Amino acid sequence: MKSIGSPVKVGKMDATSYSSIASEFGVRGYPTIKLLKGDLAYNYRGPRTKDDIIEFAHRVSGALIRPLPSQQMFEHVQKRHRVFFVYIGGESPLKEKYIDAASELIVYTYFFSASEEVVPEYVTLKEMPAVLVFKDETYFVYDEYEDGDLSSWINRERFQNYLTMDGFLLYELGDTGKLVAIAVIDEKNTSVEHTRLKSIIQEVARDYRDQFHRDFQFGHMDGNDYINTLLMDELKVPTVVVLNTSNQQYFLLDRQIKNAEDMVQFINNILDGTVEAQGGDSILQRLKRIAFDAKSTIVSIFKSSPLMGCFLFGLPLGVISIMCYGIYTADTDGGYVEERYEVSKSEIESQEPTEESKEQEPRSADVLVPTVQGPKDVLEKKKD
């Protein structure tokens, strides 16, 4: 940041030593990256790479909405950014909404403003003012009646139509409300089936984007490990799966995909409800996921380190077994001791009257005279 002349200062803080500051800024996990600008604190939620962090710092530290004064500047921005938003027009209520959306979503994308003369000639606007998103070598115009809230629309359209998927990106796509059609392949496998499914998804994303861009996101993923954890099942590769990342539902192919038309038909069946959704976030599915996660954790521990797995699970089981054995044997010995104690106590009580009778016998120097107990004395002894 210093070498490129950025005004942003970079530092670090141990949140465990300064817990009050961490609590003030709502730090819940580590590492957390924030950019402080005036009274605002912006959270970084992008990939943890140097270039992406620098891009984030450059974007947020600059102007909230950057003006495009000429066509040359507009073309330069198009070459530099894969996705960006532009407000075209003068002062209006739409511009106020645009500024509010930019202040919230500047952490994800760039916001610009321009006059109608600066916009390329291929852009057609039915009315002014307008908000546009430029991506995938085309553009889309915001329509309040069809697209709803401006901030929600920007959040949905801030991604390219076709992406290389990973776990972090799928998590981010959960906020858009879009369904995600993924070709799950092995990129190291150069067989026809792997490359064919990837090319079909790319073709649908390109040729049918006007039809599906409001509802679908397209891409491919290398390997099925992450998808298996979402589906709690072993997914065969290569294949196509459609995910609803907002509620953990998914749709599997009900037919073999031979070309783009088959994929379009499958998507239309999903939209009209013909294809049944699987998974979800019901209570039963949550319990199933808890069991699946526990099983996966145990299996991964034993696979990575069998000795460590035996120690982690064998030691607690051994301790519990010893405790159970000790409790069982302690109960048996305790009853035996108590029984012996009761017997000895009864013997002592039976011997006490004999000793008392001996003490009550009168003694003389020459003759031992037996005493005769009266009825009253006998009753008192019985009572004792």
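Two strands are taken to pair if DSSP finds at least two bridges between them. Strands (E, at least two residues) and helices (H or I, at least four) are DSSP runs, numbered from the N terminus. The model is predicted: local features need pLDDT of at least 70, side-chain atom pairs count only at pLDDT 80 or more, and totals for chains, interfaces and linings use all residues. Residues are numbered from 1 along each chain as its sequence is written, and side-chain values use heavy atoms, without hydrogens and water.

An open sheet is formed by 5 strands in the order β3-β5-β4-β6-β7, with mixed pairing. β3 (66-68) and β7 (138-141) each have a single partner strand, so one side of each edge strand lacks a neighbour in the sheet. On average, neighbouring strands are turned by 30° against each other, direction ignored. Within the sheet, β4 (residues 84-88) pairs with β5 (residues 110-114) in the parallel sense over 5 bridges. Here V86 stands opposite F112 in β5.

Helix α3 (residues 71-80) lies across β3, β4, β5 and β6 (130-135). It runs at about 155° to β4. Axes are lines fitted to C-alpha atoms, for helices over the stretch in contact (heavy atoms within 4.5 Å). Angles run from 0 to 180 degrees between N-to-C directions.

Helix α11 spans residues 260-271. Its buried residues (under 20% relative accessible area, 1.4 Å probe, protein chains only) are A260, M263, V264, F266, I267, N269 and I270. They pack against β9 (179-185), α8 (192-207), α9 (209-212), β10 (216-222), β11 (239-244) and β12 (249-252). Just after α11, G273 takes a positive phi of about 85°.

Notes. The expected span of a helix is 1.5 Å times one less than its number of residues. Buried means under 20% relative accessible area, exposed over 50%, partly exposed in between (1.4 Å probe, protein chains only).
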